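Biologist: Could you take me through this protein step by step? I would like to start with the overall picture and then look at details.

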Amino acid sequence: MYIKAFRLVQTYDNSLEYAKCFLYLCNKRMDSAAMRVDEELTPTIPGRWGEEVFPLLSWFRLDKVRNANVMVVGCGALGNEVLKNLALFGVEHLVIVDFDTIELSNLTRSILFTPEDAAEGRPKAIVAAERLRKINPAIQVLPIVGDIAHDVGLGLLRRMDVVVACVDNRWARYCLNRLCMRMNRPWVDGGIDGLEGTARVFVPGKNCYACGLGPEALKDLSFRLSCASVIRRNIREGRMPTTPVVASIIGAVEAQEAIKLLHPEELARGELTSLCGKMYYYEGQHLASRIVDFSAYDDDCPVHERWEPIEKIESLTTGLRVDDALARLSERFGGEPVELCLRDFRFVDYLVDREDDRRYVVSRPDYAVERFVEESPVLRYKPFHSFYQHEFGSIDMRFPYPELTLKEIGVTGCDVVPVRVGKAIRYVELGDELDYSIYLSTNTRAS
Ligand SMILES: [Zn+2]
């Protein structure tokens, strides 16, 4: 059954953010950029990283750290510090997610970036990947120039042992929390503001970021600001921008907590204590730091879904036409009619001008509509709220655009998608043309 709806577009605040995301959504560009990192010739370090140092720590398991897959979301001030620390600790399999490019204002607290990177406006994820491999050539880094909300396949996320959030807004945290809940992955959060910072750890089944939000925060979720904009706002308000020291402190706590989560046996024995259920708070102006209880878990919270079991269909890729993909899914499920659910986005086929009912073909996912409007010489000068958007929330054999590919609909490579078969929901992981496996550890989670 199609979900057809006319929805008033009210999210103009997000338009600039989404515009930035879309500069780098071409998979080929992501792939070729990743390859560039791998092809760089770097000297090898004799012996294994850290083997003379870290085993001196009673709890430290070098094999677990080396063989873990860790995703870092956000590559600003916190992301730089977290990535640097994880690399120094000997984590050899990293995924970096960031849609932004380097600006001069980033350099005061970004150890991995140079003025040349800023002058060229290079993507943060790509540059960070290059610099980490200079620190330790054994590191495999997959940079994803995209947005955690819709550019990271859940099939990739579920292979992570831990995810570290280094983002600057509630919306990204909310999205990441929801994705980690679905894939049952723990994640570490950090936030910095002026001379203050906080760090937290979330483990599905124990605590939840969304459950800890108040009603005002939930209302503001759609409001997102880029880091550069935060700085501009702070200057206007006479506030200090984020300092490198606070980023170092909170980034270090995040990295430490991430390393702890790679040691579940040591945590269970009490040899290590996790920050899960608590919040670390640091205040630099008068030098105070404390740990407070911060555990919220409401059984009725809608984001506590766990998607399991997951069935991978290698031949189901985002390059397939919709009709072909549906036919393959139906074949997989015994010839039953199937419906592909678009859980976090809608496919928009056209906009309607409310004044004259004129239709404008859009044919893209809803998160790309704002950019489409901004780039249109006809639509860009109209107030955004003057449009309705016609959209689909699910796709079945009656979908009127069977020639579109899953990618054109907005489905991400390696994603896990809910498929309705009769009254049941099956969770299907897509294959993809890109081979992410070369970057991942072959630990039990990744296999
Ligand atoms: Zn919750």
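Modeller: What follows is a conversation about this predicted model.

Biologist: How many helices and strands does the protein have?

Modeller: The secondary structure comes to 15 helices and 17 strands. The protein has 447 residues, of which 42% count as buried.

Biologist: What share of the contacts join residues at least 24 apart?

Modeller: The share is 74%, taken among contacts between residues at least 6 apart in sequence.

Biologist: Which residues touch the most other members of the largest nonpolar core?

Modeller: They are Val70, Ile96, Val163 and Val164, in a core of 107 residues. Helix H11, residues 244–261, supplies the largest share of this core, with 9 residues.

Biologist: What does valine 163 touch?

Modeller: Not counting residues up to four places away in sequence, valine 163 touches Met71, Val73, Leu157, Leu176, Cys180, Arg185 and Trp187.

Biologist: Let us turn to the sheets. In what order do the strands of the 8-strand open sheet come?

Modeller: The order is E4-E3-E2-E5-E6-E7-E8-E9, and the pairing is mixed. Strand E4 (140–144) and strand E9 (288–293) stand at the edges with a single partner strand each, so one side of each has no neighbour in the sheet. On average, neighbouring strands of this sheet are turned by 15 degrees against each other, direction ignored.

Biologist: Is strand E2 largely enclosed or left open?

Modeller: Strand E2 is largely enclosed by the rest of the structure, because 5 of its 5 residues are buried. Asn69, Met71 and Val73 point one way from E2, whereas Val70 and Val72 point the other way.

Biologist: In which sense do E2 and strand E3 pair?

Modeller: E2 and E3 (residues 93–97) pair in the parallel sense, over 5 bridges. Histidine 93 in E3 is the bridge partner of asparagine 69.

Biologist: And in which sense do strand E7 and strand E8 pair?

Modeller: E7 (residues 196–202) and E8 (residues 278–283) are antiparallel, with 5 bridges. Glutamate 196 stands opposite glutamate 283 in E8.

Biologist: Which strands does helix H8 lie across?

Modeller: Helix H8 (residues 170–183) lies across E2 (69–73), E5 (162–165), E6 (187–193) and E7, and runs at about 175 degrees to E5.

Biologist: A change of topic: how many residues of H4 are buried?

Modeller: In H4, 12 of the 13 residues are buried, so the helix is mostly covered. The buried residues include Leu78, Val82, Leu86 and Phe89.

Biologist: How far apart are the end C-alpha atoms of helix H4?

Modeller: They are 19 Å apart, which agrees with the 18 Å that the 13 residues of H4 (residues 77–89) should span at 1.5 Å a residue. Just after H4, glycine 90 takes a positive phi of about 100 degrees.

Biologist: Now the other sheet, please. In what order do the strands of the 5-strand open sheet come?

Modeller: They come in the order E10-E17-E16-E11-E15, with mixed pairing. The edge strands are E10 (310–313) and E15, each of which pairs on one side only. Helix H13 (residues 322–332) packs on this sheet, touching E10, E11 (338–341), E15, E16 and E17.

Biologist: How many bridges join E16 to strand E17?

Modeller: There are 6 bridges, and E16 and E17 (residues 424–430) run antiparallel. The bridge partner of valine 416 in E17 is glutamate 429.

Biologist: Is valine 417 buried or exposed?

Modeller: Valine 417, found in strand E16 (residues 416–421), counts as buried because 24 C-beta neighbours lie inside 10 Å. The cut-off for a buried residue is 20 or more.

Biologist: What about isoleucine 395: buried or exposed?

Modeller: Isoleucine 395 is buried, with 27 other C-beta atoms within 10 Å. This residue lies in strand E15 (residues 394–395). Leaving aside residues up to four places away in sequence, isoleucine 395 touches Val322, Glu339, Leu340, Leu342 and Ile409.

Conventions:
Residues are numbered from 1 along each chain as its sequence is written. This is a predicted model: local features need pLDDT of at least 70, side-chain atom pairs count only at pLDDT 80 or more; totals for chains, interfaces and linings use all residues. A nonpolar core is a set of buried Ala, Val, Leu, Ile, Met, Phe, Trp, Tyr and Cys residues joined through C-beta atoms within 7 Å. Helices (H or I, at least four residues) and strands (E, at least two) are DSSP runs, numbered from the N terminus. Two residues are in contact if their C-beta atoms, placed from the backbone, lie within 7 Å. The expected span of a helix is 1.5 Å times one less than its number of residues. Two strands pair if DSSP finds at least two bridges between them. Axes are lines fitted to C-alpha atoms, for helices over the stretch in contact, and angles run from 0 to 180 degrees between N-to-C directions.
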